[in-house]
Amino acid sequence: MRGYVKLFLIKSALPPKTHLPTFRTWTDKYSRIVARESSRAISIIMKAKNSMTDTTLDIYIVDGNVTLFFGEHSNSFKSDILNSSLLAHLVSNPKGIATDDWFHSYKKLLGSLSWLLKSDGTQNPKVQSASISSLAKLALSRYLSATQLDKMTECLSEIKHLPNDSEILSAIQKRLQTTDNSVKQTTTTICPLLTIVCDGGMVISSLIRFETSGRIDVSIFDEELPSSKINGTPKINQWITFLGEENYANIRNTVIEKLGSKIKTRLFHLDAASSSN
C-alpha cells in the first residue's frame, strides 16, 4: 500500500501529457522552418547569381555619356531610362559639367522624373594611375561580377576605335572633359558620367572626376594616366536609383515632346556585338 501511494504521488506531480510536446512534434516543426528558410535563401542566391553572371549588354551614348544595360529589358523600359536621363542632361547647366552644382542639379532633375533614390555616396580612391575604366571598376566592383566588369571594360576600350568622323565620337569628346584657362597652367577635368542599368532595374550612376594638365583624348577610357600627371585625388560620386515606372507613365509623353528631335541627334545606340569584339 505504501508503495502504491508513493507511485501515485510521483505520477500526480508530473504535468499532463498534453502539456509536453513530443520530440517528433518539435523536429517536424523545426524541419518545416528550415525547409522554408532554405528555399527562400536559395531563391535569393540564385536570383543574385543569375543577375551577376548575365553579360547581355546593350550600349547607348546619352548626350556624350555612356549608358550600359546588363540583362534583358523591354524596349519601353530602355526608352524611358534613356529619354528621361537625356532630358536631365540637357536641362542641367552644360557649362558646369565638372562641378558639384551640375551633379546636384542632374540628380534633382532625375528625381523629378521619377528616378527613386535608394542610396548615394562619394569615393576618393588613392591610385598610382588612373583611367576611366580602372576607376569605374573600383566604383562598381561591389555591384557587378568580374565577368560583367570585364565586359564593361571591353566596351569602354572600343570607344577609341570609333571612326574619327563619327558623330558619336564627337559627342563623347565634347562631354568627356572641361578645360579651365583662367589659371596660369591650363587645367583639364575629366568628368564622364557612367550609367549602369542592371537586370532587375537597379540603376548605378557614377560621376568620375579627376584633373590633369593639358587636354586628353578618348584613349583615357582605357590607357592609364600616371599619378604624376593627376592633380589631387580622383572623386567618384555614385548613387543608386530605380525608375518609378507607374509614375513615369504619367509624364512619358511630356518628356518625349520636350526632347523633340534631340532623341535622334543626342541619343545614339552602339552595336553591343561590335563593341565587344
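Figure 1. Helices (H or I, at least four residues) and strands (E, at least two) are DSSP runs, numbered from the N terminus. A word on conventions: residues are numbered from 1 along each chain as its sequence is written, and side-chain values use heavy atoms, with hydrogens and water left out. Because the model is predicted, local features need pLDDT of at least 70 and side-chain atom pairs count only at pLDDT 80 or more, while totals for chains, interfaces and linings use all residues.

Figure 2. How many residues of strand E7 (residues 193-197) are buried? Five of the five are, so E7 is largely enclosed by the rest of the structure. Here buried means under 20% relative accessible area, exposed means over 50%, and partly exposed lies in between (1.4 Å probe, protein chains only). In a regular strand the side chains alternate between the two faces of the sheet. Look for Leu193, Thr195 and Val197 pointing one way from E7, with Leu194 and Ile196 pointing the other way. Five bridges join E7 to strand E8 (residues 203-213), and the two run antiparallel. Within this pairing, threonine 195 stands opposite serine 205 in E8. The hairpin of E7 and E8 has five residues between the strands, and glycine 200 takes a positive phi near 110 degrees there.

**Figure 3. Strand E1 sits under cover on both faces.** Six of the six residues of strand E1 (residues 57-62) are buried. One side carries Leu57, Ile59 and Ile61, and the other carries Asp58, Tyr60 and Val62. Strand E2 (residues 65-70) is joined to E1 by six bridges in an antiparallel arrangement, with valine 62 opposite asparagine 65. E1 and E2 form a hairpin with two residues between them, and aspartate 63 in the turn has a positive phi of about 50 degrees. E1 also pairs with strand E11 (residues 267-270), in the antiparallel sense and over four bridges. In that pairing, isoleucine 61 stands opposite phenylalanine 268.

Figure 4. A search of the whole structure finds four aromatic pairs. Rings of Phe, Tyr and Trp (its six-membered ring) pair if their centres lie within 6.5 Å; planes under 30 degrees apart count as stacked, over 60 as edge-to-face and the rest as tilted. The rings of phenylalanine 103 and tryptophan 239 have their centres 5.2 Å apart and their planes at 65 degrees, so this pair is edge-to-face. Phenylalanine 103 lies in helix H4 (residues 100-112) and tryptophan 239 in strand E10 (residues 230-243), so the pair ties together parts that are 136 residues apart in sequence. Both phenylalanine 103 and tryptophan 239 are buried. Tyrosine 106 forms another edge-to-face pair with tryptophan 239, at 6.2 Å centre to centre and 75 degrees between the planes. Tyrosine 106 also lies in helix H4, so its pair with tryptophan 239 in strand E10 ties together parts that are 133 residues apart in sequence. Like tryptophan 239, tyrosine 106 is buried. Ring pairs link Trp102, Phe103, Tyr106 and Trp239 into a cluster.

**Figure 5. Two charged side chains lie over aromatic rings.** Arginine 175 lies over the face of tryptophan 102, at 4.8 Å from the ring centre. Lysine 78 takes up a position over the face of phenylalanine 69, at 5.8 Å from the ring centre. A charge sits over a ring if NZ of Lys or CZ of Arg is within 6 Å of the ring centre and within 35 degrees of the ring normal.

Figure 6. Is serine 170 buried or partly exposed? Serine 170 is partly exposed, with a relative accessible area of 29%, and is found in helix H7 (residues 167-176). Serine 170 and glycine 64 are 106 residues apart in sequence, yet 8.0 Å apart in space, C-alpha to C-alpha.

**Figure 7. Two buried cysteines.** Cysteine 155 counts as buried at 3% relative accessibility, and cysteine 191 counts as buried at 0%. The count of disulfides (cysteine sulfur atoms within 2.5 Å) comes to zero.

Definitions and conventions:
Pairing = 2+ DSSP bridges.
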